[in-house]
Amino acid sequence: MTEVSESKQERFYITTPIYYVNARPHLGHAYSTIVCDVIARSKRAQGIETWFLTGTDEHGQKIERSAAQAGRSPAEFAAAISGEFRALWSRLNLTCDDFIRTTELRHQRGVQKLFSDMRDRGFIYRGSYTGQYCVSDELYVDAPPGSPCPDCGRPTEAVREENYFFKLSAFERRLLEYYDEHPEFIQPEARRNEVIAFVRSGLKDLSVSRTSFRWGIPVPGDEKHVIYVWMDALANYITALGYGSDDPVDQQRFQRFWPADVHLIGKEISRFHCVYWPAFLMAAGLPLPRSVVANGWLLFDKSKMSKSVGNIVRAETVADVLGSDALRYFLLREITFGQDGNFTFESLVQRYNGDLANGYGNLVSRVVAMMHRIFDGKMPEATGHGDAEDALQSKAISVITAFQAQFEAREFSRALETLWGLVAVIDGYLTAAAPWKKPPERSEDDHRRVQARVLSFAAEAIRVVTALAWPVMPEATAKVWRQLGLGDLEQAARTGKLKTIEWGGLQPGTVFAAPAPLFPRAEKDAIERMLNLENQNNQSAVAAASQAGSTPDPAVSEAKTTTMSDPAPASAIASVPAPVQQATEEMDAKITIADFARVDLRVAQVLTAERVPKSDKLLRLEVDLGYEKRQILAGIAQHYEPEKLIGRKVVIVANLAPRKMRGLESNGMVVAASVGDEGAPVLAGFLEDVPVGARLK
Ligand code: ME8
């Protein structure tokens, strides 16, 4: 059952947990998702066909209650917060191939199929449940009334319901055998031991439906029940691929990528992923994932960063002040993967200045600037080399091997430490050779030869660091790649040019691009600025919550709340309820940089353009963002001929929630000035050439 076809070896499927939409994303969520992105990028760079899935978990009692508290329907509430996750992932340069929402029809259909299959195979039966339930963890708790939740310590609630049960007990032995035969299934070891101990202590059948609330996927054929939210949520890993769909394209994707190679999760949800999920799959006759890998917790003020503790830091705050690469680098470098790790603003700024601003960034700008000053930006021919060059080259070669092995073993912190060891060696090599200083006894010709040798060796070593660091810092490394005259790094990765990284890729004669700042040094006020942004955000969250509580939206009917496939309305990105008057006031109010930064404006190139049938206003555009292609509908047909738009660079709002118009999905919005009384659109553009995907900020 768990056999995998030969061809699957060349493919790689990785998933994050799908995040609850009861609260906005924070650094903890960003951490797991960044780790997945880094792994996905490195697999793609190795030429492995990769699928990276993330999404949001939108059903269940917890979300229903959070929405009610905010005075909104669950559908609206979920759409707003889900939009925030999606926008953040794009802001952090995360290259997810798909983002699933459990309220989508494709998911609902797949979950119902899974449920029916398990029931048809005799693993689901009717019974009644009397016991405790933890709404925060959406967990049945086997304990007497009044007991706190053993996982989170919060009070549990008594539940007495007619339910459907899953025969979990039937899988106890098979699960233990599976863990035994596949030691890599649960990682790291500590989690594996916990899970095995839990299963050995005996498995009871699991209640998999609820009748006391409505916000969920109905049990097929018995609609008064909704399916247990964890069964609903776990199924996302297959429904997103196409399980349960009749469309051959979906079915093919499912065949291509299932089973998953890595379900990356936080350690607190190991039981759901390592016990319930494989048991569900066995019951449905589906192959099991290859591994469930748990990251440790990001701690802030010594406890797990979480919304309920109230000790969260937002990823946007760090990205606004230090850039998204700095956040990505810090999380991977600072935390030993698999273990808990502390977040402090002090260590963040220290690492930023030490490793990035003064380290890699400074090294690159020195070498690129000297290359321009001394050799007009053209890589010189290096003639001859001595011990120092041999040492540098062999260090670089050994770092390539060590880094790749450590990275593959998911020892990200060690791998980056190894790589920055090379940065230090290049720095030392430059300082010792001092190509900027001509010793009096050295002739002009000799000096120029030394300069050519030293700068070309240093630049080549920087190329190696840059190629290896790309999955972790895609933005900065892409800038360096361009400065080294090597073109588009993202494209190099996509076209297999990073498959083997070897010494000697930078050829004499290569023309370097102009130096561009990479990591400007963080000044003393950086921490203060981040703290201010956090405070502002907390205040606006409090204001939003209090407004939300006071403005329940009577216009949203019950029918709407149970709709499973509502796309996020564009206006729902802000999670503040927006009666019209308030919206008008907000238009007049000043916004902060952080508010502006939430709008992801990007340069995109039009690949195809055509009129939308039966619409005199709409054009259907396919645009390239560099990191992805997408479809956008633009209301410009009366002012622009479609053929003339092809190849043109336009500005789009890249993180607008998708909308359907005339049956077609629009993923973003083209930005245009609105001119004259009629508001004729004039597309925004640039006088200089700009690369696709560049962000406007
Ligand atoms: O559990 N440190 O969603 P969730 C590290 N919907 N990782 C953290 C973290 C922290 N402080 N805080 C959150 C759920 N995470 C379910 C999952 S999957 C089928 C359903 C990350 O919104 C970590 O990956 O509570 C953790 O498991 C996940 O966010 C929990 O997100």
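R91 lies in helix α3, which covers residues 74-91. The structure is a predicted model. R91 has a relative accessible area of 11%, and because values under 20% count as buried, R91 is buried. Leaving aside residues up to four places away in sequence, R91 touches E316, A319, D320, S324, A597 and R695. One of these contacts, S324, is 233 residues from R91 in sequence, yet the two C-alpha atoms are 7.5 Å apart in space.

**Two helix pairs**

Helix α12 spans residues 324-334.

| Helix pair | Angle between axes | Distance between axes |
|---|---|---|
| α12 and α13 | about 100° | 10 Å |

On the α12 side, the contact is made by A326, Y329, F330, R333 and E334. The α13 side supplies S347, L348, R351, Y352, D355 and L356. By class, six residues of this contact are nonpolar, one is polar and four are charged.

The contact of α5 with α10 has eight nonpolar residues, one charged residue and no polar ones.

**Nonpolar cores**

The largest nonpolar core holds 195 residues. Within this core, the residues with the most contacts are W89, L92, F166, Y228, W258, Y276 and F343. Helix α13, which runs over residues 345-375, gives the most to the core, contributing 15 residues. Both domain 1 (11-295) and domain 2 (343-494) take part, each with at least three residues in this core.

Not counting residues up to four places away in sequence, Y276 touches L139, L168, L206, Y228, L234 and R271. Another core, of 18 residues, lies apart from the largest one. Among its members are I632, A634, I636 and A637.

Definitions and conventions:
Residues numbered from 1 in each chain as written. Predicted model: local features only at pLDDT ≥ 70, side-chain atom pairs only at ≥ 80, totals over all residues. Heavy atoms only, no water. Nonpolar A, V, L, I, M, F, W, Y, C, P; charged D, E, K, R; others polar. Core = buried A, V, L, I, M, F, W, Y, C linked by side-chain atoms within 4.5 Å. Buried < 20%, exposed > 50% of the residue type's maximum accessible area, 1.4 Å probe, protein only. Helix = DSSP H or I, 4+ residues; strand = E, 2+ residues; numbered from the N terminus. Domains from an automatic or database assignment. Contact = heavy atoms within 4.5 Å. Axes fitted to C-alpha atoms, helices over the stretch in contact; angles between N-to-C directions.
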